[in-house]
Amino acid sequence: MIDLAGLYREAGDLKGAEVSASAGVDASRRVGDRYYLPRDLTVLADLKAQRGAINEAEAPIRKC
């Protein structure tokens, strides 16, 4: 899902990228994937920051 988020970002669709990244974070949390979760959270936070939602960008990291 994170790779798909990158494709959306490259196409200029930040909302689609954020939806995809959120799904990736949810999947990583669901399966307990501690290897990819930090990367996924970073991508999601970056997407939120790009659209100006700084408080939201910090929120996923606090949930860990």
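Q: In which helix is aspartate 40 found?
A: Aspartate 40 belongs to helix 3, which covers residues 37-50. The model under discussion is a predicted one.

Q: Does aspartate 40 count as buried or exposed, and how is that decided?
A: The general idea is a cut-off on relative accessible area: buried means under 20%, exposed over 50%, and partly exposed in between. The relative accessibility of aspartate 40 is 2%, so this residue counts as buried.

Q: With which residues is aspartate 40 in contact, leaving aside its neighbours within four places in sequence?
A: Those residues are Ile2, Gly24, Val25 and Ser28.

Q: With which side chain does the side chain of aspartate 40 make a polar contact?
A: The partner is the side chain of arginine 39, at 3.0 Å. The pair also qualifies as a salt bridge, with 3.0 Å between the closest N and O atoms. Arginine 39 itself is partly exposed, since its relative accessible area is 38%, whereas aspartate 40 is buried at 2%.

Q: How many salt bridges are there by this rule?
A: The general idea is that side chains of opposite charge can pair when their charged atoms come close. The rule asks for a side-chain nitrogen of Lys or Arg within 4 Å of a carboxyl oxygen of Asp or Glu. By that rule the structure has four salt bridges. One of them joins the side chains of aspartate 46 and arginine 9, with an N to O distance of 2.8 Å. Aspartate 46 is in helix 3 and arginine 9 in helix 1, so this pair ties together parts of the chain that are 37 residues apart in sequence. Both partners are partly exposed: aspartate 46 has 32% relative accessibility, and arginine 9 has 29%.

Q: With which residue does lysine 48 form a salt bridge?
A: Lysine 48 pairs with glutamate 18, and their closest N and O atoms are 2.9 Å apart. This pair links distant parts of the chain, as lysine 48 lies in helix 3 and glutamate 18 in helix 2, 30 residues apart. Lysine 48 is buried, because its relative accessible area is 11%. Glutamate 18, at 6% relative accessibility, also counts as buried.

Q: Which residues make up the largest nonpolar core?
A: The general idea is that nonpolar side chains tend to be buried together in soluble globular proteins. Here the largest core has ten residues, namely Ile2, Ala5, Ala17, Ala21, Val25, Leu37, Leu41, Val43, Leu44 and Leu47. At least two residues of this core come from each of helix 1 (2-10), helix 2 (14-31) and helix 3. Helix 3 supplies the largest share, five residues. Two members of this core, Ile2 and Val25, are also in contact with aspartate 40.

Q: With which residues is alanine 5 in contact, leaving aside its neighbours within four places in sequence?
A: Alanine 5 is in contact with Ala17, Ser20, Ala21 and Leu47.

Q: Is serine 20 buried or exposed?
A: Serine 20, placed in helix 2, is buried, with a relative accessible area of 3%. Its side chain reaches the backbone oxygen of methionine 1 at 2.6 Å and the backbone nitrogen of alanine 5 at 3.4 Å. Not counting residues up to four places away in sequence, serine 20 touches Met1, Leu4, Ala5 and Tyr8.

Q: Which residues form a nonpolar patch on the surface?
A: The patch consists of Met1, Leu4, Leu7 and Tyr8, which together have about 370 Å² of accessible area. Leucine 4, a residue of helix 1, is partly exposed, with a relative accessible area of 35%.

Q: How many helices and strands are there in the protein chain?
A: The chain has four helices and zero strands, and its elements run α-α-α-α from the N terminus on. Of its 64 residues, 33% are buried. The accessible surface of the chain comes to about 4200 Å², and 55% of that belongs to carbon and sulfur atoms. As for contacts between residues at least 6 apart in sequence, 37% join residues at least 24 apart.

Conventions. Residues are numbered from 1 along each chain as its sequence is written. This is a predicted model: local features need pLDDT of at least 70, side-chain atom pairs count only at pLDDT 80 or more; totals for chains, interfaces and linings use all residues. Side-chain values use heavy atoms; hydrogens and water are left out. Buried means under 20% relative accessible area, exposed over 50%, partly exposed in between (1.4 Å probe, protein chains only). A polar contact is a pair of N or O atoms within 3.5 Å; within protein, one must be able to donate a hydrogen and the other to accept it, and residues adjacent in sequence count only if both atoms are side-chain atoms. Contact means heavy atoms within 4.5 Å. A nonpolar core is a set of buried Ala, Val, Leu, Ile, Met, Phe, Trp, Tyr and Cys residues joined through side-chain atoms within 4.5 Å. Patches are made of residues with over 30% relative accessible area and no salt bridge: like charges are joined within 9 Å, nonpolar side chains (Val, Leu, Ile, Met, Phe, Trp, Tyr) within 5 Å. Accessible areas come from the Shrake-Rupley method with a 1.4 Å probe; for residues, only the protein chains shown count as cover.
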